[in-house]
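Keep the viewer open and click along as you read.

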Amino acid sequence: MSERDVFEYALLRVVPRVERGECFNAGVLVYCRAKSFVGVRTHLDETKLLALDPEADVTGVRAALRAVEGVCAGGKAAGQAAGDDAGRRFRWLIAPRSTVVQPGPVHTGLTADPEVETERLLQLLVR
């Protein structure tokens with residue numbers, strides 16, 4: 001059996017109208033300290049978004065999800081977080097916020113491959 005490492009993950013939720021509190025999953029963030037890995041996979045279901053708020057800013061929500069992807073990628077795409085290690089970027093992304101795209105609670109698990117785990121969780125919990 002291959003070696004498995006502890007990982008943490010949080011779902012990215014879209015909350016089109018914060019005052020109503022209705023949400024749906026649009027991505028998953030994964031962090032594995034042992035592999036210095038932070039990754040994200042996103043999938044925006046526009047039908048769900050527009051069902052919750054027919055006047056939702058689809059372009060704005062997509063931009064917010066792309067910004068999360070940029071922070072995970074690191075480098076210039078990460079903006080101010082460019083110099084931070086994977087753990088600091090993950091912690092910044094999971095900080096509670098009152099925006100249209102919000103992180104959910106953090107969960108843990110074991111994985112041999114955090115990148116494969118990210119895709120598995122996207123299929124299981126988002127799509």
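Let's start with Val-6, which counts as exposed at 53% relative accessibility. The cut-offs here are under 20% relative accessible area for buried, over 50% for exposed, and partly exposed in between, with a 1.4 Å probe and protein chains only. Val-6 sits in strand β1. Helices (H or I, at least four residues) and strands (E, at least two) are DSSP runs, numbered from the N terminus. Leaving out residues up to four places away in sequence, Val-6 touches Cys-32, Arg-33, Gly-109 and Leu-110, where contact means heavy atoms within 4.5 Å. Val-6 and Asp-113 are 107 residues apart along the chain, and their C-alpha atoms are separated by 10 Å.

A quick word on the ground rules. This is a predicted model, so local features need pLDDT of at least 70 and side-chain atom pairs count only at pLDDT 80 or more, while totals for chains, interfaces and linings use all residues. Residues are numbered from 1 along each chain as its sequence is written, and side-chain values use heavy atoms, with hydrogens and water left out.

**The whole chain**

Zooming out, the chain has four helices and four strands. In sequence order they run β-β-β-α-α-α-β-α. The radius of gyration is 15 Å, close to the 14 Å that the globule rule gives for 127 residues, so the chain is as compact as a globular protein of that length. That radius is taken over C-alpha atoms, and the rule is 2.2 Å times the number of residues to the power 0.38. Along its principal axes, the C-alpha trace spans about 50 × 35 × 20 Å.

Of the 127 residues, 42% count as buried. Take the contacts between residues at least 6 apart in sequence: 62% of them join residues at least 24 apart. The accessible surface comes to about 7,200 Å², and 50% of that belongs to carbon and sulfur atoms; these areas come from the Shrake-Rupley method with a 1.4 Å probe, and for residues only the protein chains shown count as cover.

Beyond its neighbours up to four places away in sequence, Leu-29 touches a list of residues including Tyr-9, Val-40, Val-68, Phe-90, Leu-93 and Ile-94.

Phe-90, Leu-93 and Ile-94 are among the buried residues of helix α3 (residues 86-94), along with Ala-86, Gly-87 and Arg-89.

What caps the N-terminal end of α3? Asp-85 does, with a side-chain oxygen 3.2 Å from the backbone nitrogen of Gly-87. A polar contact is a pair of N or O atoms within 3.5 Å; within protein, one must be able to donate a hydrogen and the other to accept it, and residues adjacent in sequence count only if both atoms are side-chain atoms.

**Aromatic pairs**

Rings of Phe, Tyr and Trp (its six-membered ring) pair if their centres lie within 6.5 Å; planes under 30 degrees apart count as stacked, over 60 as edge-to-face and the rest as tilted. By this rule there are two aromatic pairs.

| Pair | Centre to centre | Angle between planes | Type |
|---|---|---|---|
| Phe-7 and Tyr-9 | 5.9 Å | 25° | stacked |
| Tyr-31 and Phe-90 | 5.3 Å | 20° | stacked |

Tyr-31 lies in strand β2 and Phe-90 in helix α3, so the pair ties together parts that are 59 residues apart in sequence. Tyr-31 and Phe-90 are both buried, and Phe-7 and Tyr-9 are both buried too.

**Two more stops**

Gln-102 is in strand β4 and is buried, at 18% relative accessible area. A polar atom of the Gln-102 side chain lies 3.0 Å from the backbone oxygen of Thr-99.

Finally, Ser-36 is in the loop between β2 and β3. Most residues other than glycine have a negative phi. Ser-36 has a positive phi of about 50°, although it is not a glycine. Ser-36 is exposed, with a relative accessible area of 59%.
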